[in-house]
Amino acid sequence: MASFSTKRTNLYIFLSAVFLTNAIIAEIIGVKIFSAETLLNVAPAQLHLFGDFVLDFNLTAGVVIWPAVFVTSDIINEYYGVQGVKKISYVTAGFIAYSFLIIYFVTTLPPAQFWLEVNKTDAVGNPVNINNAFAMIFRQGLGIIIGSITAFLVAQILDATVFQSLKKITGSRKIWLRATGSTLVSQLVDSFVVLVIAFYIFGNWSFTQVLAVAIVNYIYKFVVAVLLTPVLYLSHYLIDMYLGKEHAKQLANESSMSTFM
């Protein structure tokens, strides 16, 4: 039977892998914008924000799996403290940057002629430039990359700090409060930072447009943070079973003192 020390390390590796994988995938698929109203088969929201600016619930595809990052971050914080979250956040930011560099490099590779030929039309015969499509899908602008990585790191550090501050007040009780509270604070910052850097500083959006889109994104994250509460409690239950309730409690208590590694 594995010792508590081994289980403790294995759990951190597993949670870190879930965190890193979902964060990288979310960044890569984030270039697609989808309509939440069409998905839910409801009428467009047509929100009138800041004068004549009209906004619907159009979101990046990355938000589909970002909730997994929220939950995993809170679980890591609960059992491994601020240092545990910071460690995997820095590693993840590095791998996101690495992924973008590799993606940029492969989009510059000359395409094989046969690849262009066999993919020159789609299923209904429309002409396709597969090489251009590949580059357009996977390559993101420098502003978006800088904005997303900066917002990710700022939000994660803020989330970890607020989570532990609330934990000192609530103790082992009210997991929902520190998890939801930290997410709501950190994602408020994240929603604005990424848009300001990517589309206001490096792009051509007006500040009014940045505010409007950020508010819609934050509404989504607010709703998701609340809905994920049962998942958070289920995760804690499974971890208690894996580590043993007393060991899990011990690890959670140690996390408040940032003793992890």
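A pocket is an open set of grid points with protein on both sides within 12 Å along at least five of seven lines, and its lining residues are those with an atom within 4 Å of a point. In the predicted model examined here, the largest pocket is lined by 34 residues. Those that lie nearest the centre of this pocket are G30, T60, V194, L195 and N217. Two or more lining residues are contributed by each of the elements α1 (4-29), β4 (58-60), α3, α6 (142-170), α7 and α8 (207-227). The space in the largest pocket amounts to about 770 Å³. By class, its lining comprises 18 nonpolar, 11 polar and 5 charged residues.

Rolling a probe the size of a water molecule over the atoms shows where empty space is left. The structure contains 1 cavity of 30 Å³ or more, and the largest cavity holds about 100 Å³ of space. The lining of this cavity is formed by F70, V71, D74, A179, T180, T183, A225, L228, T229 and L232. Helices α3 (66-107), α7 (175-201) and α9 (229-243) are the elements that each give two or more residues to this lining. Sorted by class, the cavity lining has 6 nonpolar, 3 polar and 1 charged residues.

Helix α7 also holds R178. With a relative accessibility of 0%, R178 counts as buried, because the cut-off for a buried residue is under 20%. The side chain of R178 is joined to that of E78 by a polar contact of 2.9 Å.

A further residue considered was F207, which is located in helix α8. The relative accessible area of F207 is 40%, so this residue is classed as partly exposed, the category between under 20% and over 50%. When neighbours within four places in sequence are set aside, F207 is in contact with V196 and Y200. The C-alpha atom of F207 is separated by 32 Å from that of T107, a residue 100 positions away along the chain.

A pair of aromatic rings is described by the distance of the centres and the angle of the planes. The structure holds 7 aromatic pairs. In one of them, F19 and F152 are arranged in a tilted geometry, with 6.0 Å from centre to centre and 50 degrees between the planes. Because F19 belongs to helix α1 and F152 to helix α6, this pair ties together parts that are 133 residues apart in sequence. F19 and F152 are both buried.

The ring of F152 also pairs with that of W66; the centres lie 6.1 Å apart and the planes stand at 40 degrees, so this pair is likewise tilted. Distant parts of the chain are linked by this pair, since W66 lies in helix α3 and F152 in helix α6, 86 residues apart. W66 has a relative accessible area of 18% and is therefore buried, the limit being under 20%. F152, at 3% relative accessibility, counts as buried by this limit. Through these ring pairs, F19, W66 and F152 are linked into a cluster.

Notes: Residues numbered from 1 in each chain as written. Predicted model: local features only at pLDDT ≥ 70, side-chain atom pairs only at ≥ 80, totals over all residues. Heavy atoms only, no water. 1 Å grid on protein atoms, 1.4 Å probe; cavity = no way out; pocket = protein on both sides within 12 Å on 5 of 7 lines; lining within 4 Å. Points joined across faces, edges and corners; volume = space filled by probe spheres on them. Helix = DSSP H or I, 4+ residues; strand = E, 2+ residues; numbered from the N terminus. Nonpolar A, V, L, I, M, F, W, Y, C, P; charged D, E, K, R; others polar. Buried < 20%, exposed > 50% of the residue type's maximum accessible area, 1.4 Å probe, protein only. Polar contact = N/O pair within 3.5 Å; in protein donor to acceptor, adjacent residues only side chain to side chain. Contact = heavy atoms within 4.5 Å. Phe/Tyr/Trp six-rings, centres within 6.5 Å; stacked < 30°, edge-to-face > 60°.
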